[in-house]
Amino acid sequence: MEKLEKKWLWIGLSFTCLFLICLYKLTNASLWFDETVEYYYSKYPVGVVPVVDMGTKIWTNMYERIVSTFQPPLYNLVMFFWLSISTSEWWFRFFGVIMGVVCAGGIYKSIEKIWNYKIASLSVVVLACTRQFVYYMQECAEYNLMLAALCWFIYGWICLMEKVTAKRIALFCGAGIVAVYSQYGAIFPVASFSITVF
């Protein structure tokens with residue numbers, strides 16, 4: 001078997017493993033309160049949100065609701081479009097599985113760049129077997145989008161340490177912005193890595 005065919009076989013098997021493990025029992029647990037809030041805040045961009053009772057305060061648009069959560073808006077905006085395709089709980093959770101694959105792609109590319117494709121593929125399988133990773137990818141929250149962006153941010157950092165190009169700067173900055181606008185806590189790794197780049 002040629003080297004390129006073997007490489008794609010390793011990649012295919014490792015990412016299939018990750019995808020299937022993340023899909024396993026995707027809707028085993030029902031949505032908890034925070035996930036339900038994310039669902040309704042994302043689904044209704046304007047008007048009063050049905051079901052979610054936030055006391056006497058009534059927010060009439062997505063902006064007011066997102067500001068009340070003290071979180072950036074990117075996840076809710078993305079989920080608004082995602083939920084326009086389907087509103088099922090499975091579909092809502094499936095977004096996290098997709099972000100898990102995107103996240104693993106960033107990890108794979110990072111490890112392949114500093115080591116080789118076999119170790120990179122193995123790292124995707126190890127990631128798939130990490131309970132907390134699967135837990136966060138099955139949860140309906142901004143963390144799955146943030147983690148996916150941070151993994152590509154780290155890949156951009158590795159590339160910039162090797163050679164500075166406009167494309168690599170764009171990847172690094174773009175992934176960092178997506179991470180921070182998904183969850184404010186991402187500012188800590190983004191700022192730290194940015195200092196080393198500068």
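What pattern does the chain follow, read along the sequence? The answer is α-α-α-α-α-α-α-α-α-α.

## About the model

This is a predicted model, in which local features need pLDDT of at least 70 and side-chain atom pairs count only at pLDDT 80 or more, while totals for chains, interfaces and linings use all residues. Residues are numbered from 1 along each chain as its sequence is written, and side-chain values use heavy atoms, with hydrogens and water left out.

## Fold and dimensions

You will find ten helices and zero strands here; both are DSSP runs numbered from the N terminus (helices: H or I, at least four residues; strands: E, at least two). The C-alpha trace spans about 65 × 40 × 25 Å along its principal axes.

Take contacts (heavy atoms within 4.5 Å) with a separation of 6 or more: 67% of those in the chain join residues 24 or more positions apart.

## Burial and surface

The chain has 198 residues, and 41% of them count as buried (under 20% relative accessible area; exposed is over 50% and partly exposed lies in between, with a 1.4 Å probe and protein chains only).

## Cysteines

Now to the sulfurs: the structure holds zero disulfides, a disulfide being a pair of cysteine sulfur atoms within 2.5 Å. For Cys22, the closest cysteine sulfur belongs to Cys17 and is 9.2 Å away, too far for a bond. Cys22 is also buried, at 0% relative accessibility.

Cys151 is in no disulfide either, and its nearest cysteine sulfur, that of Cys103, is 3.1 Å away. Cys151 has a relative accessible area of 12%, so this residue is buried too.
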